[in-house]
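Please read them with the structure open beside you.

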Amino acid sequence: MAAIREAFIDFIKGIIRTSSFFFKEIWAAVRQPRLIFSVLFGPFLILAAFGIGYRGQTPELDTLLVLPTDARLSDDPAAYKDLFSSVFILKGVTRDRQQAQDMLGRGQVDVVVMVPDQPDQTVLSGEHAQFQVLFREIDPLQAAWVRYFSTVAVQEVNRRVLADLLTHTREPLDRAAEVSGQVRAQADALVTDLQRGDAISAAARVVAMRQALQAAKNTPGYSTISALGGQQTDPLAPAETELSAIETDLARGQVNTPEQIGRAQRIQQTSHDLEQESQQVTRVPPEVLAAPFSVEATNTVPAEPSAIGFFTPAVVVLLLQHIAVSLASLSMVRDRLLGAMEIYRVAPVRPHEIILGKTLSYGLLLGVVGAALVFLVNQLLGVPVLGNPWWAAVTLGLLLFSSLGLGFFVAGLAETETQAVQLAMLVLLASIFFGGFFLALDTLWTPIRAISYLLPVTMGSLDLRDVMLRGSVPDVTSLAALGIIGVVCYGIASLDLSRRMTPQ
Amino acid sequence: MSSPASGVRAEGRDERPPDPSPDSTLRPIGTTRRRTLGMDEPAVVAVDIGKRFGDRDVVHGLSFEVQAGSIFGIIGPSGGGKTTTMRMLLGVLRPTSGDLRVLGRPPHRFGRRERESLGYMPQQFVLFPELSVLENMGFAASIYGMGFMGRGRRIRRTLELVDLWDARQRPAGLLSGGMQRRLELAATLVHDPQVIFLDEPTAGIDPVLRAKFWDHFRALRDEGRTLIVTTQYVTEAEYCDEILVLSDGQRVATGTPDQVRRMAMGGEVVTVSGPDLTSRAVTAIRTVDGVKDVAWAGRDRLRVIVEDAGTAVPTVIDALHAADVAVDEVSEEHASFDDVFVQLMDSQSEGEHRDGRDP
């Protein structure tokens, strides 16, 4: 009984000792209103400024168009406005290449687009006529954007040229449609002749029809019509076979037999289909023929977030992680430098009571900050919280657990406050590059990607985005990873603190 | 100027700092004491303990006992091993040699129960500057497991004891140096420790406050607590019940202040002064029983080393009177601990020279 009582008293005293560190850190924070203000409103103001200032992912590039000197093209920029997308903002037209390059060198324009000399001659000689696009960009992402949009722009030019060509080459299609009509008329007459039992007229019709079929097949637009009609083989070949059979029957003196009538009707149907396809093809606008396929991409997320909406969860997570790592590491290092660790070594305090007390205080403080941040960005910046807020709370709780653990781990590596700050900054830097903050994790080499999964920010961002933007439950694996990072870091930090508190 | 008889005053010169004023605010705390040691039991027993850092012996061959309910002073020059010795007593450092027991156990194996009985005031200010006085006290009480219920009264009484109750809402960082030391003392005492370790508690504070501190230490001692105090102020040895004088990590002397004084000076000291002191006076004094040595301490002053000043002074006066030597004064000289300390250091230095060691 006495042992149970002793154990109970020890337990209660353990709680009291833990609470001493909890209240110490809370009071220390409360005594620093500027700290509270900066921790709470600093991240929000950063997000707000980002939301106001962020222009989206596509750049806007001031562009100068250089025309060939001898081409009979207009010098009026308005004539080319519709050729340029929203990325290339046409600022002027010139025929002086050197002047254009000088302006690019002086940074007066971002891009110079040079139209090729005599493109028709180049194409007719069997080569591509090449647009030359010059730009001065050291940012590889921006450079990639320029190359991408250059390709898109040239494809648009190609499409327009093809449509223009199709407009001027409709005659073969029209001729094919006309010949198809003649074949269909001959087929109709053949059926009538056979049903009347007029063998002589029918024989003459067969000869005329064979000529009409040949004429149709020789028409330049016939193959185009066949292809657009989805025909894999020659569509008139069966009609020719049926026609030969009718011709043989007529030569034997047979006329108006059910087989003959059936063959003639199948020829009639084939020619009728060909005529319809010909007329359909000739009705298709040239722009559609030049670019037969278009795309309509549909985002199935409940609500497509804005740029600030997409980045907000990651920013919240990154800021919370950084503050947690800084507070935890600096707190432990400061206690050591102040000499308080000497008091802890003499007092009946255990390492886990120190760490637990500090964790609870910083966890509470940063939990309030995290909740307030999410509330503020939701209410004032319109960032959605589509999922269950309790899942957001679970995610932030585990994020803080692992981040504070990381901070205590960092404290074990640092002997001075300067070192602690430097290490916290290194964690921040690693988080920006490897945490999926602005570079997708898939773009990293797999072995290096392992660094990403050692950082709480990686899993925290994924999970908070799931909850806030997708409205789904966070990934269990990510949540478990946050817990594992925390447990490992706390284990190492506790061992380090125990070592420091052990009599030497 | 004076006759041999009428001009003689037999008086002991008291070197102790003045007693604190009767209205001192440093009043003992009236609390229920936890008593785990009898008054005649030693709180500390050290037998030949030493501490080595790398290849350097910082402390070696120390043996001493600290009786429960006493003030034990560890005195010595800076870098003499005082703090290392105290850290071994606290269990922060483990002795590399010898046997050390505090409250009956090796301190580096202390459990939480034993640690709750210790109070420790380190040399530097280690409380938290952004917290108020009251919050710092709450923290100090909590790390020793004092519950929230009822500790407020204890904190108040401790703060009143050190005159800081009125400043309880002020951040500790804004207190003066003296107030910070008082706050540290209050934080050390708040959990009512049985053995109190004070590492240079009076360093850097004014003499008035120093006297108050010592007055309070004595009051704590009188309540039965054991105090172990390190100090560079050798005159503070007077306030201790027993002292250990350390130099270069070695024991130079140990015992009560009087014992150490006697040991340093070779006995008790009587001074004889007068205008006509000659070799006749020296001869007369040497005839007195109990006189161990007579030496000139100036042209008209003799220093006499005796076994017991109380009995020697009247006998010396009689002997000089019989020899018809006129003197102004014959009195016991209570050698200051500055002199005692210098004497001890000189003796140690001479001993090291004799042993062929470089001091």
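Over how many bridges do strand 1 and strand 2 of chain B pair, and in which sense? I take this up in the first point.

1. Before anything else, please bear in mind that this is a predicted model. In chain B, strand 1 (residues 42-53) and strand 2 pair over eight bridges, and the sense of the pairing is antiparallel. One position that can be checked by eye is B:I49, which has B:L62 of strand 2 of chain B standing opposite.

2. These two strands belong to an open sheet of three strands in chain B, whose order is 2-1-4 and whose pairing is antiparallel. At the edges of this sheet are strand 2 (56-67) and strand 4 (97-102) of chain B, each of which pairs on one side only. When direction is ignored, neighbouring strands of the sheet are turned by 20° against each other on average.

3. The domain assignment divides chain B into domain 1, covering 42-261, and domain 2, covering 266-337. The C-alpha centres of domain 1 and domain 2 of chain B are 42 Å apart.

4. Another open sheet of chain B is built from four strands in the order 11-12-10-13, and here too the pairing is antiparallel. Strand 11 (291-296) and strand 13 (329-333) of chain B are at the edges with a single partner strand each, so that one side of each has no neighbour in the sheet.

5. B:T271 has B:R303 of strand 12 of chain B standing opposite, while the bridge partner of B:S273 in strand 12 of chain B is B:R301. Helix 9 (residues 309-322) of chain B packs on this sheet, where it touches strand 10, strand 11, strand 12 and strand 13 of chain B, and the direction of the helix makes about 25° with that of strand 10 of chain B. Strand 10 of chain B also pairs with strand 13 of chain B, in the antiparallel sense and over five bridges, and in that pairing B:V269 stands opposite B:E333 of strand 13 of chain B.

6. For chain A, the domain assignment gives domain 1 (2-53 + 306-501), domain 2 (61-168) and domain 3 (171-290). Between the C-alpha centres of domain 1 and domain 3 of chain A there is a distance of 80 Å.

7. Also in chain A, helix 9 (residues 237-251) and helix 10 (residues 258-283) have axes that come within 9 Å and cross at roughly 150°. The two helices of chain A are therefore roughly antiparallel to each other, and their crossing is left-handed. Among the residues that meet are A:L243 and A:I246 of helix 9 of chain A, and A:A264 and A:I267 of helix 10 of chain A. By class, the residues of this contact divide into seven nonpolar, three polar and four charged.

8. Turning to the interface, 23 residues of chain A are in contact with 27 residues of chain B. On the side of chain A that touches chain B, the elements giving two or more residues are helix 1 (2-30) and helix 13 (340-346) of chain A. Helix 1 of chain A supplies the largest share of that side, namely nine residues. By class, this side of chain A has twelve nonpolar, five polar and six charged residues.

9. Which element of chain B does helix 1 of chain A pack against at an angle of about 160°? The partner is helix 3 (residues 133-143) of chain B, and the two axes are 7 Å apart. That angle makes helix 1 of chain A roughly antiparallel to helix 3 of chain B, and the crossing of the two is left-handed. The contact includes A:F23 and A:W27 of helix 1 of chain A, together with B:F139 and B:I143 of helix 3 of chain B. Its residues are five nonpolar, four polar and three charged.

Definitions and conventions:
Residues numbered from 1 in each chain as written. Chains lettered and ligands numbered in written order. Predicted model: local features only at pLDDT ≥ 70, side-chain atom pairs only at ≥ 80, totals over all residues. Contact = placed C-beta atoms within 7 Å. Nonpolar A, V, L, I, M, F, W, Y, C, P; charged D, E, K, R; others polar. Axes fitted to C-alpha atoms, helices over the stretch in contact; angles between N-to-C directions. Parallel < 35°, antiparallel > 145°, perpendicular 65-115°, else oblique. Left-handed = near helix turned anticlockwise from the far one by under 90°. Domains from an automatic or database assignment. Pairing = 2+ DSSP bridges.
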